[in-house]
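Here is a briefing on one protein chain. Look at the sequence and the structure first, then read the points below.

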Amino acid sequence: MTTNAAARITVRRATVEDLPEAAVLFGDYLEFYGRPAGPEKVLAFLRERHERGESVLLLARDENGEPAGFTHLYPTFSSLSMAPVWTLNDLFVALSARRTGTGRALVRACVAEAGKAGAIGVQLQTAPDNHTAQALYRAEGFVPDEFTAYWLSLPVSD
């Protein structure tokens, strides 16, 4: 668990008991990106990742213990480095907690957790126009890599 003293933000791994509160934030995150989903679907997604051990969900709380933000991380591997890396896939700060150091606390907690797990690095992607996030990541030591991301949508079966 890490604490940002200036903002009194506490970040720790979410437990199964934290998932309902985290699901509310995750729902807000999906809404922010124009991908709304029902609360049951969101909670089921987070619960499945947790039960399968497929991801690490870090939950930030403010000084009153209220959920302030989260980051969702996926341990994976780099074939070129032949070593583990973590993907910081999602980071969201509640509107009421923005500009309080919550995002920075989440990034730092992510890096610390990845390091403790033996990862050689943390990778992420952000939108080209998300200058606020880019500034945060650069301030925390992240640098753009030499690769270009591509995406191919596949048909989804129900």
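One aromatic cluster brings together Phe26, Tyr29, Phe32, Tyr33, Phe45, Phe70 and Phe92. The model is predicted. UniProt, in an unreviewed entry, lists residues 9-157 as "domain: N-acetyltransferase". Over residues 9-157 the chain is 35% helix and 25% strand. The end C-alpha atoms of that stretch are 41 Å apart.

**Aromatic residues**

- The structure holds 10 aromatic pairs.
- One of them is Phe70 with Phe92: the ring centres are 6.3 Å apart and the planes meet at 40°, so the pair is tilted.
- Phe70 sits in strand β4 and Phe92 in strand β5, so this pair ties together parts that are 22 residues apart in sequence.
- Both Phe70 and Phe92 are buried.
- Phe32, a member of the aromatic cluster, has Arg98 over its ring face. Arg98 is 5.7 Å from the ring centre.

**Helix α1**

- Helix α1 covers residues 19-32, which makes 14 residues. At 1.5 Å a residue it should span 20 Å, and its end C-alpha atoms are 19 Å apart, which agrees.
- Its buried residues are Leu19, Ala22, Ala23, Leu25, Phe26, Gly27, Tyr29 and Leu30.
- An α-helix has 3.6 residues a turn, so residues three or four places apart point the same way.
- What do the buried residues of α1 pack against? Their partners are α2 (39-52), β3 (56-61), β4 (67-78) and β5 (83-93).
- Gly34 follows α1, and its phi is positive, near 70°.

**Glu21 on helix α1**

- Glu21 lies in helix α1.
- Is Glu21 buried or partly exposed? Its relative accessible area is 32%, between the 20% and 50% cut-offs, so Glu21 counts as partly exposed.
- Leaving aside neighbours within four places in sequence, Glu21 is in contact with Arg61 and Pro67.
- Glu21 and Pro67 are 46 residues apart in sequence. In space, their C-alpha atoms are 6.9 Å apart.

**Nonpolar cores**

- In soluble globular proteins, nonpolar side chains tend to be buried together.
- The largest nonpolar core here has 23 residues. Those with the most contacts inside it are Val11, Leu58, Leu73, Leu91, Leu106 and Tyr137.
- Which elements each supply at least two residues of this core? They are β2 (9-13), β3, β4, β5, α3 (102-116) and α4 (131-139).
- Helix α3 gives the most to this core, with six residues.
- Leu73 touches Ser55, Val56, Leu58, Trp86, Thr87, Leu88 and Cys110, not counting residues up to four places away in sequence.

**Helix α3**

- Helix α3 has 15 residues. From first C-alpha to last it reaches 21 Å, close to the 21 Å expected at 1.5 Å a residue.
- Its buried residues are Thr102, Gly103, Ala105, Leu106, Val107, Ala109, Cys110, Glu113 and Ala114.
- Cys110, one of these buried residues, is touched by Leu73.
- Leu106, also buried in α3, is among the residues with the most contacts inside the largest core.
- Gly118 follows α3, and its phi is positive, near 90°.

Methods:
Residues are numbered from 1 along each chain as its sequence is written. This is a predicted model: local features need pLDDT of at least 70, side-chain atom pairs count only at pLDDT 80 or more; totals for chains, interfaces and linings use all residues. Side-chain values use heavy atoms; hydrogens and water are left out. Helices (H or I, at least four residues) and strands (E, at least two) are DSSP runs, numbered from the N terminus. The expected span of a helix is 1.5 Å times one less than its number of residues. Buried means under 20% relative accessible area, exposed over 50%, partly exposed in between (1.4 Å probe, protein chains only). Contact means heavy atoms within 4.5 Å. A nonpolar core is a set of buried Ala, Val, Leu, Ile, Met, Phe, Trp, Tyr and Cys residues joined through side-chain atoms within 4.5 Å. UniProt positions are given in the numbering used here, feature names are shortened, and annotations may be inferred rather than shown by experiment. Rings of Phe, Tyr and Trp (its six-membered ring) pair if their centres lie within 6.5 Å; planes under 30 degrees apart count as stacked, over 60 as edge-to-face and the rest as tilted. A charge sits over a ring if NZ of Lys or CZ of Arg is within 6 Å of the ring centre and within 35 degrees of the ring normal.
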